[in-house]
Amino acid sequence: MSAGRHRMSSSIHAATAAAAVGVLAVTAGGWFGYQQLAQPDCSGRIELSVAVASELAPAVDSAAAEWVRDGAAVGGTCIAVAVSASDPAEVAATVAAKHGVTLAGVGQASGTAVSPDVWVPDSSTWLLRLKTGGATAFAPGNGASIARSPVVVAMPEPVASRLGWPARKFSWAELLGQVNSSRPLRTGIVAPTRDAAGLSGLLSLTAAASASGGATAERDKVAALRALATGSSVLRQDLLAKFPTAPDATTIASSLGAAALSEEDVIQYNSKKPPVPLAALYLEPAPAPLDYPYAVLPGIEPAKASAARVLYEVLTTSDFRNRLAVQALRAPDGNWGQGFNAPQGAPSPAGGSPAVPANGGTAATGGLDPLSMDRAISSWSIATQSGRMLAVIDVSGSMKEKVPNANNATRQQVTVEAARRGLNLFDDSWSIGLWTFSTELVGKRDYQELVNIGPLSSQRSRLEQSLSTIRSSDGSTGLYDTTLAAYKTVQEDWVNGQVNSIVLFTDGKNEDKDGLTQQQLLTALKKIKDPERPVQVVIIGIGNDVDKAELKAITDVTGGGPFVTEDPTKIGDIFLKAIALRKASS
């Protein structure tokens, strides 16, 4: 069973292919309405493939099928519409691979997966992640919402009642307090790198931690991440199975007490008459809802694009609103159609902004910050994975340069602070070491070993203390000799099943005239590189003196990649993203 949403098979057509394929007559024109088929004969036929989030797929499929039966045409070209129920994470992986990018926590695309013509994921966050992840050519048409489901905190009713539900309204700050209390609420989440409702809940909870301000904000955020990670599931049905299966106090106390889910999930769960129903808590501020954007993917031929536009109009009628209600979904405006079984306390219309501004401004605007989303995803990836890493920090004289937009802190101070914050996210299963480098830092040697690679469980405080002692030297950048020495060190004690990596921070080019040349370094790396014992090299370049081509030449040999920013204040976000995108060894 694939990860993500769970109630349908992989394709509507698998069981009833004939019923699910609709013949639509369209031309290659622009936006237009549908009308009665005047001529049954068609001059041609094109198949339009539509991948839809599983819970929405039956409504889309039935609307398209009825439209076809009634006859719909403009011109003489027939279009066969194939609607498939699809896990958004799997489609995202396929689209990402097509555009040459990787999404943290999503994994690789299936070898048999094909990018659809139209994609209706459960959230616009998928479109935003592809765009900000580096798919610069990814510009799907339309992107307007065709359905909606608020993201709620689902709790077993007895647990919610003890907290004052349904009379009392709750905030994310209050939930954060429950999660981080001395007797914490047992919380869970579907992995937010693969689940839009989980991501929405994570964003709301971490925003509440940040809003608390002061010295406790970062601590509260890390504590919440680790609490959620303890109760996380890759599959939604696995998370739902953690809710109490019997109404006795012992079972309820030992079961899952809260999780961010969609309103639709709660309605469907309760429809099965479980021993302990779930309450849906609509917390404030309202998190980004699932908004089901209708995305016409770039690169399809004009006739298909036109057919897709007509199908969109079919899916925005008042009749479709009632089809949504049958599937426990709301219309895009937050209202619901006939037959919707609203949870107790459900607002109408639902609050919350759409997940993101849609493409081209054609959909309602939203308030999600791409940077906040990237931070949350990267932080989650680090908090829930394990690895072995050597951090190598440039301490050459240029690192003394002040950064005006960081209160005149030096590049060195900004870099060390980014490393310190990152260290807080790593749990004790990580093994981390720390070096610094310049030229002739220890005698004729360009690097200094501050802490050997070892488990954080025994040397976290030592690493923190060593970071606090880092100061810039008067030397230059001894990049090549240091890189080779670091590579040999990580490779020597390579550990199977973990990401073995070097993360090197620098603000300049190699300036060691007495050391290796670039060609000598690359030749040496190629010679010792072992496909059975891979070591990824991630190089984070800071400032405008970095030569990205120089860094890329190294990572092209080793694997990993260069990440460059002219603004040193962004180094923390780049560090998190770089770690989150590393690939585990097999």
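The accessible surface of the protein in this predicted model amounts to about 23,900 Å², and carbon and sulfur atoms contribute 51% of that area. Of the 586 residues, 55% are buried. The secondary structure consists of 20 helices and 19 strands.

An open sheet is built from five strands in the order β8-β7-β9-β6-β10, with mixed pairing. Strand β7 (residues 187-190) runs parallel to β8 and is joined to β8 by two bridges. Within this pair, valine 190 is placed opposite serine 233 of β8. Two helices pack on the sheet. Helix α7 (residues 196-211) touches β6 (151-156), β7 and β9 (258-262), and the direction of α7 makes an angle of about 125° with that of β9. Helix α8 (residues 216-230) is in contact with β7 and β8, and the direction of α8 makes about 75° with that of β7.

The loop between α10 (249-254) and β9 contains serine 255. With a relative accessible area of 10%, serine 255 falls under the 20% limit and is therefore classed as buried. When neighbours within four places in sequence are set aside, the contacts of serine 255 are Arg186, Lys242, Phe243 and Pro244. Threonine 245, ten residues from serine 255 in sequence, lies 8.4 Å from serine 255 in space, C-alpha to C-alpha.

Nonpolar side chains tend to be buried together in soluble globular proteins. In the present model, the largest nonpolar core comprises 74 residues, of which Met155, Leu175, Leu281 and Phe426 touch the most other members. Helix α20 (residues 571-580) supplies the largest share of this core, seven residues. For methionine 155, with residues up to four places away in sequence not counted, the contacts are Ala160, Leu163, Leu175, Leu185, Gly257, Ala258, Pro277, Leu278, Ala279 and Leu281. Another core, of 60 residues, lies apart from the largest one; Ala135, Tyr292, Ala307 and Leu315 are among its members.

Notes:
Residues are numbered from 1 along each chain as its sequence is written. This is a predicted model: local features need pLDDT of at least 70, side-chain atom pairs count only at pLDDT 80 or more; totals for chains, interfaces and linings use all residues. Side-chain values use heavy atoms; hydrogens and water are left out. Two strands pair if DSSP finds at least two bridges between them. Helices (H or I, at least four residues) and strands (E, at least two) are DSSP runs, numbered from the N terminus. Contact means heavy atoms within 4.5 Å. Axes are lines fitted to C-alpha atoms, for helices over the stretch in contact, and angles run from 0 to 180 degrees between N-to-C directions. Buried means under 20% relative accessible area, exposed over 50%, partly exposed in between (1.4 Å probe, protein chains only). A nonpolar core is a set of buried Ala, Val, Leu, Ile, Met, Phe, Trp, Tyr and Cys residues joined through side-chain atoms within 4.5 Å. Accessible areas come from the Shrake-Rupley method with a 1.4 Å probe; for residues, only the protein chains shown count as cover.
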